[in-house]
Amino acid sequence: SASSSMASLAKMLDFYSGFNPSPLSIKQFMDFGQNACEKKSFIFLRKELPVRLANIMKEIALLPDNLLHTRSVSEVSSWYVKSFEEVLEYEKADPTHDNLHKFVHHLDLIRNRHNDVVQTMAQGVIEMKENEGGTVDAPTESSIQYFLDRLYMSRISIRMLINQHTLLFGANPHSGGRHIGCLDPACDLSDVVRDAYENARFLCDQYYLTSPALEIQEHSSEPEGNLPIRTVYVPSHLYYMLFELFKNSMRAVVEHHNNDNCDTLPPLKVAICRGQEDICVKISDQGGGIPRSQTDQLFKYMYSTAPQPSKSDLHTVPLAGYGYGLPISRLYARYFHGDIVLLSCEGFGTDAIIYLKALSDEANELLPIFNKTSSKFYRATVPTGDWSNQSSDMNARQLSATI
Ligand SMILES: O=S(=O)(c1ccc(O)cc1O)N1Cc2ccccc2C1
């Protein structure tokens with residue numbers, strides 16, 4: 001009956017969410033993929049996928065009610081329930097050829113079912129804001145920010161596991177190429193930079209009829225310092241981050257310079273640097289920058305889900321209606337223990353730095369864990385300030401009176 005299946009779902013959720021997800025490093029993905037065994041991968045995934053799904057499903061259940069009960073979030077939640085149940089069908093299955101084949105097919109179904117999670121969650125946030133009469137209090141906004149970062153990081157990690165298994169053991173296993181699943185063991189960073197630049201530039205030319213040029217410099221601190229700088233990474237992740245940053249920089253440069261007469265735009269300068277611990281890709285633009293007080297807004301999901309600004313606003317408010325590109329890009333960087341940092345000099349321009357781990361055994365997956373700590377966050381009270389912010393006028397008056 002429905003109630004008994006609900007009870008068993010709750011039991012399975014409690015069981016699998018009791019395990020911590022097992023983070024894999026890029027090195028482990030590579031070593032396993034070099035002589036991949038489908039049976040071992042199946043045995044690992046039929047446990048790890050339910051663990052990662054259950055961990056994030058327990059957090060979905062902790063969302064503020066006014067978000068959890070929107071049509072969109074209920075729909076996303078139903079996708080997770082369906083996928084969780086589908087994977088559990090293999091919990092005790094024999095690793096026969098037939099079952100291994102069906103497993104790959106089910107992974108494809110699950111990946112496709114979840115294709116629209118980000119847009120649908122954004123729609124849920126808009127529905128919640130409308131139900132709340134347009135404003136959302138700070139604690140709700142911070143728990144939504146906390147949750148969406150964890151939901152999308154969990155989703156990135158689950159899609160990474162699914163992509164590796166389906167690419168290695170699926171219908172058209174890559175023949176001959178050096179790629180291991182979606183990992184490139186010798187990813188040439190400047191190639192991905194050029195690729196992302198050219199595609200962003202195409203959109204920029206279409207919309208603005210102009211675009212800034214690109215200059216790339218490579219620096220390697222390694223003794224042999226061999227160029228071009230290559231590293232083991234997921235090219236599609238790097239491309240996503242670069243494409244997003246190039247779009248922002250191009251828009252900034254064109255809009256900042258559309259009012260002055262000189263028709264040559266200052267170029268975008270990219271520095272690719274390899275150190276002992278970090279590999280950095282820095283994009284420097286002279287797009288006029290933004291005030292320091294606004295930079296953290298750019299990584300807010302609530303800020304970027306502003307109700308669609310009118311066409312005029314899109315130009316006045318920098319990055320308004322900019323979608324989730326920056327917060328998601330930062331999650332891709334953080335997924336393998338890297339980061340994205342924005343350093344803006346208002347009136348001049350902005351540096352965006354992508355940090356990657358130089359060593360593949362340090363590039364571990366960064367995974368959200370559902371436990372007492374994370375669930376406490378959802379009932380957090382607003383922390384009382386423990387730094388002074390503005391001078392209390394009484395003290396200031398007293399001070400000036402004595403001087
Ligand atoms: O905020 S930004 O400094 C900025 C943010 C992120 C980035 O990657 C590059 C950037 O340059 N910048 C984006 C933008 C868009 C329209 C008009 C003016 C600006 C200013």
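In the predicted model, the largest nonpolar core comprises 102 residues, among which Phe84, Leu148, Leu151, Tyr152, Leu238, Leu242 and Phe246 touch the most other members. Helix 8, spanning residues 138-169, supplies the largest share of this core, with 11 residues. For Phe84, when neighbours within four places in sequence are set aside, the contacts are with Leu9, Met12, Leu13, Tyr16, Pro50, Leu53, Ala54 and Met57.

The strands considered here form an open sheet of 5 strands in the order 2-4-5-7-6, with mixed pairing. Its edges are strand 2 (214-220) and strand 6 (339-345), each of which pairs on one side only, and neighbouring strands are turned against each other by 15° on average, direction ignored. Helix 9 (residues 189-208) packs on this sheet, where it touches strand 2, strand 4 (268-274) and strand 5, and its direction makes about 165° with that of strand 2. Strand 5 (residues 278-285) and strand 7 (residues 349-357) run antiparallel and are joined by 8 bridges; Asp285 stands opposite Thr350 of strand 7. Helix 14 (residues 325-335), in turn, lies across strand 6 and strand 7, running at about 130° to strand 6.

The structure holds 22 salt bridges. One of them is formed by the side chains of Arg71 and Glu127, with an N to O distance of 3.8 Å, and this pair links distant parts of the chain, given that Arg71 belongs to helix 5 (residues 71-88) and Glu127 to helix 7 (residues 117-131), 56 residues apart.

Within helix 6 (residues 97-113), Asp108 and Arg111 lie 3 residues apart, about one turn of the helix, and they form a salt bridge in which the closest N and O atoms are 2.3 Å apart. Of these two residues, Asp108 counts as partly exposed at 26% relative accessibility, and Arg111 counts as buried at 18%.

Definitions and conventions:
Residues are numbered from 1 along each chain as its sequence is written. This is a predicted model: local features need pLDDT of at least 70, side-chain atom pairs count only at pLDDT 80 or more; totals for chains, interfaces and linings use all residues. Side-chain values use heavy atoms; hydrogens and water are left out. Two strands pair if DSSP finds at least two bridges between them. Helices (H or I, at least four residues) and strands (E, at least two) are DSSP runs, numbered from the N terminus. Axes are lines fitted to C-alpha atoms, for helices over the stretch in contact, and angles run from 0 to 180 degrees between N-to-C directions. Contact means heavy atoms within 4.5 Å. A nonpolar core is a set of buried Ala, Val, Leu, Ile, Met, Phe, Trp, Tyr and Cys residues joined through side-chain atoms within 4.5 Å. Buried means under 20% relative accessible area, exposed over 50%, partly exposed in between (1.4 Å probe, protein chains only). A salt bridge is a side-chain nitrogen of Lys or Arg within 4 Å of a carboxyl oxygen of Asp or Glu.
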